[in-house]
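Subject: Structure for your review

Dear colleague,

Please find below the structure that I am handing over to you. My notes on what was found in it follow directly after.

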Amino acid sequence: MERDTLEPSENQLFETASQTAGPYLHIGLAPNSIGLPSAGKEPRNKSCPQNQKTDSIQIVGTVWDGRKEPVKDAMLEAWQPDLGEISADSGIIDGEFERWHRVVTDFRNGNWSFNTCYPRTFGNFAPSISFWLVARGINIGLHTRMYFPENTKANALDPVLNSVAVERRNTLIAHQVGRLGYRFDIVLQGDNETVFFDV
Amino acid sequence: MTVCSEVRAPSLNCRNWKRHPPAFTPQYKSTVARSPNQPLIRVRDDQVQSHGPKFNREDIFPNDWDLLTNFAAQGATALGPRILLHGQVQDENNRPVPNTLIECWQANAAGRYRHPVDTYLAPLDPNFGGCGRTLTDHDGRYRFRTVQPGPYPWPNGPNTWRPAHIHFSIFGHCFAQRLITQCYFEGDPFLPLCPIFQAIPDTNAANGLIAKLDISETMPHDTVAYRFDITLRGRNTTYFEGNSDGT
Ligand SMILES: [Fe+3]
């Protein structure tokens, strides 16, 4: 196959090329999910500080491919930083803390779920959770993000949502399930394809 | 006290998409139904993705880096050619990326993964798990001790084999630097035949995934060394660390 060649300028390197995580990603990224004897630690999900004054929520979803089949061998990471000041009476020091979750989709049905805190608003960014998805057949990880249906006003001002065509914004907005649950399905291809970002 | 609107995160250089395999590469069949049809939407100065999870020494075990022994019975080691795979993680501005988590996974020396989905008839090695983790040091350096994996067949076509490779996952310091790739080995005759490797459109980018024999780090009568350096996206050079307003 013919290839282009890009020459880096002096002192300028290029990002290492991405490759698919393949079908066996669980070995390295989620060994407990396949019952690999625990010789090491899995990186822990970094979750709500105990005394954080926000609601704990559950997020569930399914990953779908272009044939409307569930994707049963994907890994998702969710990321929500909380930047800046926290009110003094919450007992949390100001600065930066973090919530990071890693889930693999269920081998039988492609479902995933995790619990987290309701994300905060900052600046003119509406509350959101960033997702990064890898799997067999995905050559470079896909970035997307989830917004909350009840934040109509904040969502309307959010610069990221505003960079998306109006008719596709609904793919980034979760559906409420019960009082503190949300469903966020990710469609890789075709009808109702989720918006993915070049971040 | 820092307030949110003043946290002006440094934005990353735009991703150079010519260096990466396109999402839709039909010669790699699994991409056909898993590649988005719509173009990606560019996000600029995204404060969320300009930060990322941080890991520290307590998040891993001290021997997670040593795949020769980390799943082995006491006193045993994994079977196969003993290698030391090492390198440096840097960003596009040639600055080391310290204290970042690297995870790796691989087939054993016979080309078999310890995974319920892998049914290749090559044997499992009871002393090999195929899973490793490490944090880069203050110079961005890392090392894994392991066995050189074998090539293995996969169901992409009637007779397709993966070159020997080790999967790498790297966090970097912000979520937008997140990267998963594969490390190949110098001289592997399967490389020109592999649809996953060949999907990389740029020659230099493809060659960058090939670990080179590093005789200087080889341990005589013990372990062959290979070097595999990793570059993550860089920040705009106008940003200076520790100076959040970018001046
Ligand atoms: Fe593999």
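A search of the whole structure, which is a predicted model, finds 23 aromatic pairs over all chains. Rings of Phe, Tyr and Trp (its six-membered ring) pair if their centres lie within 6.5 Å; planes under 30 degrees apart count as stacked, over 60 as edge-to-face and the rest as tilted. One of the pairs is formed by B:Phe185 and B:Tyr226, and it is edge-to-face because the ring centres are 5.1 Å apart and the planes stand at 85°. B:Phe185 belongs to strand 9 (residues 179-185) of chain B and B:Tyr226 to strand 11 (residues 224-227) of chain B, so the pair ties together parts that are 41 residues apart in sequence. Strands (E, at least two residues) and helices (H or I, at least four) are DSSP runs, numbered from the N terminus. B:Phe185 is buried, with a relative accessible area of 2%, and B:Tyr226 also counts as buried, at 12% relative accessibility. Here buried means under 20% relative accessible area, exposed means over 50%, and partly exposed lies in between (1.4 Å probe, protein chains only). In chain A, one aromatic cluster is formed by A:Trp112, A:Phe114, A:Phe131 and A:Phe184.

Two conventions apply to everything in this message. Residues are numbered from 1 along each chain as its sequence is written, while chains are lettered from A and ligands numbered from 1 in the order in which they are written. Local features need pLDDT of at least 70, side-chain atom pairs count only at pLDDT 80 or more, and totals for chains, interfaces and linings use all residues, whereas side-chain values use heavy atoms, with hydrogens and water left out.

Rings also take part in contacts with charged groups. The charged end of B:Arg178 sits over the ring of B:Phe171, 3.7 Å from the ring centre. Likewise, the charged end of B:Arg15 sits over the ring of B:Trp17, 5.7 Å from its centre. A charge is taken to sit over a ring if NZ of Lys or CZ of Arg is within 6 Å of the ring centre and within 35 degrees of the ring normal.

As to chain B overall, its secondary structure comes to two helices and twelve strands. From the N terminus on, the elements run β-β-β-β-β-β-β-β-β-α-α-β-β-β. Of the 247 residues in chain B, 57% are buried.

Several buried polar residues deserve a note. A:Gln80 has its place in strand 2 (residues 74-82) of chain A and is buried, with a relative accessible area of 1%. A polar atom of the A:Gln80 side chain lies 3.2 Å from the backbone oxygen of A:Cys117. A:His101, in strand 3 (residues 97-104) of chain A, is buried with a relative accessible area of 2%. The side chains of A:His101 and A:Thr116 are joined by a polar contact of 3.2 Å. A polar contact is a pair of N or O atoms within 3.5 Å; within protein, one must be able to donate a hydrogen and the other to accept it, and residues adjacent in sequence count only if both atoms are side-chain atoms.

In chain B, B:Asn13 is in the segment before strand 1 (41-42). B:Asn13 is buried, with a relative accessible area of 17%, and its side chain makes a polar contact of 3.2 Å with the side chain of B:Glu92. B:His51 is found in the loop between strand 1 and strand 2 of chain B and counts as buried at 10% relative accessibility. B:His51 and B:Arg235 are 184 residues apart in sequence and 12 Å apart in space, C-alpha to C-alpha.

With kind regards
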